[in-house]
Each structure stands twice: as C-alpha cells, then as structure tokens.
Amino acid sequence: MNLAVASGKGGTGKTTVSVNLAKTFGMPVGLLDCDVEEPNAHLFLAGDLHGEENVTIPLPQVDESLCDGCGECSRFCEYHAIVSFGTTPLIFPEMCHGCGGCAKVCPRNAIREVEKRIGVVQTRQAGNITLIQGRLDVGVATAPPLIRAVKARLQSGVHAILDTPPGTSCSVTTTLRGADLVLLVTEPTPFGLHDLGLAVSMVRALGIPFGVVINRVGIGDERVHSFCRDENIPVLLEIPDDRRIAEVYSEGRLIVVALPEYRGLFESLLERTMVTMKLPRGGEP
Ligand code: SF4
Ligand code: SF4
C-alpha cells in the first residue's frame with residue numbers, strides 16, 4: 001500500500017500525520033519525504049544516515065556549428081526551458097526538467113546532454129521506519145525529477161507513506177501518481193476549507209481514493225465537516241486542538257510517543273485506512 005499524505009496548503013499538520021502514522025505501523029514501513037524543497041520528517045525520527053546519492057538530470061547543450069536555428073527544440077519544450085528566435089537557442093537550466101525531448105527532436109543532432117546535479121536522496125533507518133528523503137539543491141526550481149528519484153526507492157512488498165509537498169502544483173501530482181489512497185489534511189477554518197476544496201478537485205481529477213484528516217478540531221467553524229458530509233468524503237481522523245501537541249511538534253518529538261493518550265487515534269486512522277483500502281493490518285502490501 002502506498003499512502004500519500006497531502007494538504008492544500010502548508011502548516012496544516014501533514015508531516016505530523018505522516019511521521020506519527022509511520023511510528024504507529026509496528027512493522028517495516030517506508031516513509032518518503034517528497035517535500036524536497038523543505039524536507040523535515042527527519043527532525044522527528046532520530047535515525048542514522050545510511051546513504052546519500054546525488055541526483056542529476058540531463059541538461060541540453062547546443063553545438064552552434066551544427067544548429068541552423070530551426071526552432072524545433074523550442075517548439076517541443078513545454079517548460080520554455082529552451083528558446084530559439086531563429087538563431088542558436090538559449091537554454092534556461094533552472095526551468096529544464098531534463099526530459100531529453102529537445103535532443104530527440106533536433107533534426108541536426110545539434111544537442112548533446114550533460115549531467116547536472118539537482119539534489120540528493122538520503123536514506124535513514126529509524127527502527128522499523130526507512131526514511132527516504134529528497135533534498136533539492138539551492139537555486140534549483142524543478143522538483144519533480146528529484147521526487148521521481150525518491151519514489152524510485154520505494155521497496156516492493158513494503159508499505160509506504162508519502163509525505164507530499166503542500167499545495168496542488170506539479171510537484172504534488174508527481175508525488176501522488178501511483179498512490180493507493182490519499183489523506184488530505186486540513187484545518188476547520190475558512191482557509192482550510194478553501195484549500196481542501198482545491199485538493200479534493202485535484203485528487204478527483206487524478207482518480208485516487210481519498211479521505212480527510214481534520215487537524216486542530218475546536219478552532220474555526222463546522223464548514224469543513226459540512227463540506228465532507230455534503231461531498232460524501234470520509235473523515236478518517238480528527239485531531240483536537242491541544243496546546244501540548246504544538247509543543248511536542250516544536251520540540252521535534254512524536255505525538256504517539258510524547259503523548260501516548262493520542263496513540264489510539266493514530267492506530268484507528270491506520271485501521272480505517274486499511275479498511276478503506278480493504279487491506280489486512282500487517283498483511284500483504
Ligand atoms: S530537456 Fe526537456 S525540459 Fe529540458 S530543455 Fe529539453 S525539452 Fe525542455
Ligand atoms: S532543433 Fe536543433 S537545429 Fe533546430 S534550433 Fe534547436 S538545436 Fe538548433
């Protein structure tokens with residue numbers, strides 16, 4: 001089972017849910033921190049660094065002596081990372097996704113590729129949890145290739161939790177593709193409702209089953225609950241607004257360890273997730 005934890009905006013408790021759920025598993029589980037611009041799951045898991053690998057993408061380089069300025073490469077690139085005005089094209093490396101398409105369509109074989117590092121993938125082991133974390137290099141704007149590199153480390157036969165970047169960008173859809181279930185984490189506030197609506201539209205468009213986790217229940221109003229009721233969306237967990245949870249989070253500790261009275265909540269989330277996925281707890285992924 002690949003379970004993605006997402007939210008329409010940052011700061012709703014997405015990582016809190018991911019790390020505490022991973023801790024609750026009680027069997028080997030992969031935790032993939034796909035929030036590669038700001039990975040933070042490692043702050044909550046005192047794991048040893050087991051490995052670090054560079055991730056590169058192939059960046060186009062044009063041989064001016066072969067290029068006739070036909071513009072095929074420019075027309076092909078949907079990211080506008082290579083631009084030709086009837087001359088040798090300009091390349092904008094920070095926008096390039098390294099798809100290799102421009103080199104393939106060049107009729108004069110004028111484009112060769114050079115490897116450019118975009119970040120690293122780190123692996124840590126913390127008890128049953130294998131944390132795989134992408135970390136984008138400073139100044140690199142294209143997260144999806146690094147997210148794909150993180151997801152490539154998914155181990156077959158092992159359950160995985162994917163901590164998704166916030167929002168509804170292509171980094172998020174890159175993370176969600178292939179997930180079996182998405183938990184959308186939100187807060188019961190007007191902003192939370194607005195961003196939940198966007199996130200729901202996204203996962204429906206992707207065709208992935210999903211449920212909602214409402215964090216900080218007690219603040220705001222009832223509109224998120226009403227929305228879920230009206231839209232027939234299962235609310236799989238409600239986490240109360242408790243100052244101690246915020247304190248534990250700010251100290252980089254796990255709720256299920258520091259506040260054991262909340263462990264049952266996360267166990268029930270796991271059970272309900274398994275039921276939603278029709279999977280036996282501890283059974284085949
Ligand atoms: S490799 Fe892909 S993304 Fe990069 S410039 Fe070429 S077509 Fe555009
Ligand atoms: S497709 Fe090739 S020949 Fe045409 S502009 Fe691009 S690099 Fe030059």
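Start by selecting Phe92, in the loop between strand E5 (90–91) and helix H3 (101–105); helices (H or I, at least four residues) and strands (E, at least two) are DSSP runs, numbered from the N terminus. At 31% relative accessibility, Phe92 is partly exposed, given that buried means under 20% relative accessible area, exposed over 50% and partly exposed in between (1.4 Å probe, protein chains only).

Bear in mind that this is a predicted model, where local features need pLDDT of at least 70 and side-chain atom pairs count only at pLDDT 80 or more, while totals for chains, interfaces and linings use all residues. Residues are numbered from 1 along each chain as its sequence is written, chains are lettered from A and ligands numbered from 1 in the order written, and side-chain values use heavy atoms, with hydrogens and water left out.

Next, pick ligand 1. Around ligand 1 (a heavy atom within 4 Å) you'll find Pro60, Phe76, Cys77, Tyr79, Ala81, Ile82, Cys96, His97, Gly98, Cys99, Gly100 and Cys102. This shell splits into nine nonpolar, three polar and no charged residues; Ala, Val, Leu, Ile, Met, Phe, Trp, Tyr, Cys and Pro count as nonpolar, Asp, Glu, Lys and Arg as charged, and the others, Gly among them, as polar.

Now jump to Phe44 and Tyr249. Their ring centres are 5.1 Å apart with planes at 40°, so the pair is tilted (centres within 6.5 Å; under 30 degrees is stacked, over 60 edge-to-face, the rest tilted). Phe44 sits in the loop between strand E2 (29–33) and strand E3 (48–62), and Tyr249 in helix H8 (residues 243–250), 205 residues apart. Phe44 is buried at 9%, whereas Tyr249 is partly exposed at 38%.

Definitions and conventions. Phe/Tyr/Trp six-rings, centres within 6.5 Å; stacked < 30°, edge-to-face > 60°.
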